[in-house]
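Hello,

Here is the structure I said I would pass on. My notes on it follow below.

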Amino acid sequence: MIMKKLITHLVAALLMVTCVAPLVADDDTPSIIPPGYTVQTIPNPPGVEFGVAGLDVAADGDVYASTRYGDVWRLHDGKWSLFADGLQESTGLMVDRKTGEIFVTQKPELTQLIDTDHDGVADVYKAISNAWGFTGNYHEFCFGPVRDSHGNFYGTLNLAHGSGEKVLGSVMSIDSPYRGTCFKVTPDGTFSVFAWGMRSPCGLTINHENDEIFYTDNQGDWNASSTLQHVVEGRFHGHPCSLKYHPDFVSRDLNKIPISEYDKLRTPPAIWIPHAIIANSPGNPIIDTTAGKFGPFAGQFFVGDQTRANVFRCWLEKVDGFYQGCVINFIDHTQCGIVRCAFAPDGSLWLGQTSRGWGTVGKKPYGVQRIVYDGKTTPFEMHHVELTKTGFDVVFTQPVAKEAVKPEAFAVEHWHYEYHPAYGCDRLDLTKVTPTSATLSDDGKTVHITLPELLENKVYHIHPNIPAADGSKMTSPDAYYTLNHLK
């Protein structure tokens, strides 16, 4: 354990500036927000550059937020106080709700913050692992952590930018070990690489029912668009730079390996997130485990985007042993770009926000907001889109108007992306498809649309022009389904 120097502890105690933080409605009403939901703004600690890059909520409802400037703040009884400082751009924070332990990821280290004397200030910074390399490159972020049922930690390591070894002209690079990977750290501190091939894996989550890990990656070189990915031990997710430290590639020149070989090795994303349509720079996904406290979308992933300052939903199904599914926008836009999302015990969704100079459509440079559900309204939205053998089931949250159920009420198109080292990719071979039939289920909530044919490795855009039985219209009438495997 590393005890903080006395002077640092005294400074931290003096900086316990608090402010009353009432939950108030945001002055900038989102342009898209489903009925029943409200965005509330939490006042920042006064005089603090509050660029939040890590955020979580404890079992008692206290909120902890780490900033890119190296501080950790605690919101307790409506007041912010400084909990820790001196960190190196902490871009991830986790509160273990079973034990109350607090962990942060810094660029060079996974650290536990401990308040031994219970005075509201961490006085022990315990290094859990610093086994990965760090050259000082500004882009070498460390994200996470999450923790599985056995006590193992997982995090993701960003690639560097502008220096180091590149592959086939890629923008990103690697100079220090293990960048571009998902790592695992056991309870005894043993470090290992869990998965490879990541570019800018800005956040991850874990499904505690079965310890499945998911992360988002940002569009760029080798990433045609942003994605949601399912992490399985040993998988390669597409960016070759990290393979420099893979045991099967250490003796190979990565620049002499053809793209086709990398393509065969990689696991396609579970969901393609259309660039500049749904997201540009997604943060961590978080699973709605609130059992209805946050509305009718239990079990879905909610993700915030840093550039577009929006929140979107992802729904997954397993086909041929692999996850795939759809993405639908949810709320657009918030006060600032969203890097972190976390559900609180009361069912509200907290948002950690920063512009960090990257730019965002939000009007403010940083802050914290939360989304609250009223507990009674069922907004009329597409709940999800599910693949069938002949087309798709479009599932709604409310019964639809029966007279509107016609094939021509559903606009459908598909496209694919190219896997290449260039930065991003346009939607290729964009093709419109006319459904041949549309059939309504007995409960009035599911419309099955039949298509002339279904194609693998395509993104399907489905736009229903259909109201609810009571005349309501959807706030987000577009779903994007990633079809990797046919049923």
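**Cysteines**

Please keep in mind that this is a predicted model. The sulfur of Cys241 lies 18 Å from the closest cysteine sulfur, which belongs to Cys182, and that is too far for a bond. Cys241 is also buried, because its relative accessibility is 0%, and buried here means under 20%.

The count of disulfides in the model is zero. Cys202 is in no disulfide either: the nearest cysteine sulfur, in Cys341, is 10 Å away. A disulfide would need the two sulfur atoms within 2.5 Å, so that distance rules one out for Cys202. Cys202 is buried as well, at a relative accessible area of 11%. For reference, a disulfide is a covalent bond that joins the sulfur atoms of two cysteines.

**Overall shape**

The chain contains two helices and 36 strands. The C-alpha trace spans about 75 × 60 × 40 Å along its principal axes. A compact globule of 487 residues would have a radius of gyration near 23 Å, and the chain, with 23 Å, agrees with that. Of the 487 residues, 61% are buried.

**Strand E24 and its two partners**

Strand E24 covers residues 310-319, and nine of its ten residues are buried. E24 is paired with strand E23 (residues 301-305) through four bridges, and the two run antiparallel. Within that pairing, Gly304 has Val311 in E24 as its bridge partner. E23 and E24 form a hairpin with four residues between the strands, and Ala309 in this hairpin has a positive phi near 55 degrees.

E24 is also joined to strand E25 (residues 322-332), this time by ten bridges, again antiparallel. Cys314 is found opposite Val327 in E25. The hairpin of E24 and E25 has two residues between the strands, and Asp320 in the turn takes a positive phi of about 60 degrees.

The C-alpha atoms of Ile271 and Cys326 are 6.6 Å apart in space, although 55 residues separate the two in sequence. Ile271 belongs to strand E21 (residues 271-273). With a relative accessibility of 0%, Ile271 counts as buried.

**The sheet E29-E30-E34-E33**

Four strands make an open sheet in the order E29-E30-E34-E33, with antiparallel pairing. Which strands stand at its edges? They are E29 (382-387) and E33 (437-440); each has a single partner strand, so one side of each is left without a neighbour in the sheet. Neighbouring strands in this sheet are turned by 20 degrees against each other on average, direction ignored.

E33 is held to strand E34 (residues 446-450) by four bridges, and these two strands run antiparallel. Ser437 sits opposite Thr450 in E34. As a general point, side chains in a regular strand alternate between the two faces of the sheet.

**Aromatic rings**

A search of the whole structure gives 32 aromatic pairs. One of them is Trp132 with Phe183: the ring centres are 4.7 Å apart and the planes are at 25 degrees, so the pair is stacked. The cut-off for stacking is planes under 30 degrees apart. This pair links distant parts of the chain, since Trp132 is in the loop between strand E11 (124-129) and strand E12 (142-147), while Phe183 is in strand E16 (residues 182-185), 51 residues apart. Trp132 is buried, at 4% relative accessibility, and Phe183 is buried too, at 0%.

Ring pairs also connect Tyr37, Phe294, Phe297, Phe302, Phe330, Phe343 and Tyr373 into a cluster. Phe297 has a further neighbour: Arg313 lies over the face of its ring, 4.0 Å from the ring centre. Elsewhere, Arg266 lies over the face of Tyr419, at 4.2 Å from the ring centre.

When you open the model, the places to look at are the stacked pair of Trp132 and Phe183, the hairpin of E24 and E25, and the edge strands E29 and E33.

Regards

Terms used:
Residues numbered from 1 in each chain as written. Predicted model: local features only at pLDDT ≥ 70, side-chain atom pairs only at ≥ 80, totals over all residues. Heavy atoms only, no water. Buried < 20%, exposed > 50% of the residue type's maximum accessible area, 1.4 Å probe, protein only. Phe/Tyr/Trp six-rings, centres within 6.5 Å; stacked < 30°, edge-to-face > 60°. Lys NZ or Arg CZ within 6 Å of the ring centre and 35° of its normal. Pairing = 2+ DSSP bridges. Axes fitted to C-alpha atoms, helices over the stretch in contact; angles between N-to-C directions. Rg over C-alpha atoms; globule rule 2.2 N^0.38 Å.
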